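This report goes through a few local features of one protein model. Please keep the sequence and the structure at hand while reading.

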Amino acid sequence: MQYMLMIDEMNQLMDRDSHTYDHSVRVSSLAKVMALGLNLNERQTNHLVTGCFLHDIGKLRIPIEILNKTSSLTPNEWNLMKLHPGVGTELLHEYQYLDKEIIEIVHFHHERWDGEGYPNGLSGRDIPEFARICAIIDAFDCMVSNRPYRKGLSVGEATKQLLTNAGQQFDENYVRIFIKLFNL
Ligand SMILES: [Fe+2]
């Protein structure tokens, strides 16, 4: 039911920014495997998968020129881009039935374990657990995806990046579980 409420927004995202839409589908599919591996119950699985599907919904309100830019973002453009977790959170607050755990994934998926992320600079276990998991899957999918302006990393290289950044950017415990579950 919660999933169905979001169909309109995600359809808009598909029309406007198909790259982000496809990425969201892949991240939620990987989240489903994580949920199974973590033995989450049905309700928790629904929260993790739905939150991962919606994590970048705030990009609906970010100028398309910025989303499609193939060169580096200017500091101003980067500041706008960094608004997407907060914008997505506001957008989802209109849906009274959505669980807090889902909205937290959208809000905090760019926080970093070391506190250097955004929007709130949360660190360690202060970052909601499912947002920490989403951050790992999100980063992995971004790294291995081809873009018009760059070729994606190999799975091996992306795995190495996850391990290098475990304990700094990512929750090391979930990096290890992710790597084990997917036999990386
Ligand atoms: Fe994002």
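## Helices and a buried aspartate

Helices here are DSSP runs of type H or I with at least four residues, numbered from the N terminus. The model is predicted. By that definition, Asp141 lies in helix α9, which covers residues 129–144.

Is Asp141 buried or exposed? Buried means under 20% relative accessible area. Asp141 has a relative accessible area of 5%, so Asp141 is buried. Leaving aside residues up to four places away in sequence, Asp141 touches His23, Arg26 and Val27.

## The iron site

Which residues supply the protein donors of the iron ion? They are Asp56 through OD, and His84, His109 and His110, each through NE2. These donors lie 2.1 to 2.3 Å from the iron ion. Along the sequence, the donor residues follow the spacing D-x27-H-x24-H-H.

The pair Asp56 and His84 links distant parts of the chain, 28 residues apart. Asp56 is in the loop between α4 and α5 (64–67), while His84 is in helix α7 (residues 84–93). Both Asp56 and His84 are buried.

Why is the arrangement of the four donor atoms irregular? The angles around the iron ion run from 86 to 176 degrees, which makes the arrangement irregular.

## Two helices in contact

Two packed helices are described by the angle between their axes and the distance between the axes. The axes of α4 (residues 42–54) and α8 (residues 100–108) come within 8 Å and cross at roughly 35 degrees. This crossing of α4 and α8 is right-handed.

On the α4 side, the residues that meet α8 are Asn46, His47, Leu48, Thr50, Gly51, Cys52 and Leu54. Their partners in α8 are Glu101, Ile102, Ile105 and Val106. By class, the contact of α4 with α8 has six nonpolar, four polar and one charged residues.

## Backbone exceptions

Most residues other than glycine have a negative phi, and most peptide bonds are trans. The peptide bond from Tyr118 to Pro119 is cis, with omega near 10 degrees. Pro119 lies in the loop between α8 and α9.

Asn39, in the loop between α3 (18–37) and α4, has a positive phi of about 55 degrees. Asn183, in the segment after α11 (172–181), has a positive phi near 50 degrees. Asn39 counts as exposed at 67% relative accessibility, and Asn183 is exposed with a relative accessible area of 70%.

Note on methods:
Residues are numbered from 1 along each chain as its sequence is written. This is a predicted model: local features need pLDDT of at least 70, side-chain atom pairs count only at pLDDT 80 or more; totals for chains, interfaces and linings use all residues. Side-chain values use heavy atoms; hydrogens and water are left out. Axes are lines fitted to C-alpha atoms, for helices over the stretch in contact, and angles run from 0 to 180 degrees between N-to-C directions. Helices (H or I, at least four residues) and strands (E, at least two) are DSSP runs, numbered from the N terminus. A crossing is left-handed if the near helix is turned anticlockwise from the far one by less than a right angle, and right-handed if clockwise. Contact means heavy atoms within 4.5 Å. Ala, Val, Leu, Ile, Met, Phe, Trp, Tyr, Cys and Pro count as nonpolar, Asp, Glu, Lys and Arg as charged, and the others, Gly among them, as polar. Donors are N, O and S atoms within 2.8 Å of the metal (3.2 Å for Na, K and Ca); water is not among the atoms, so sites may look incomplete. Four donors count as tetrahedral if all angles lie between 85 and 135 degrees; four count as square planar and six as octahedral if opposite donors are over 155 degrees apart and all others between 65 and 115; anything else is irregular. Buried means under 20% relative accessible area, exposed over 50%, partly exposed in between (1.4 Å probe, protein chains only).
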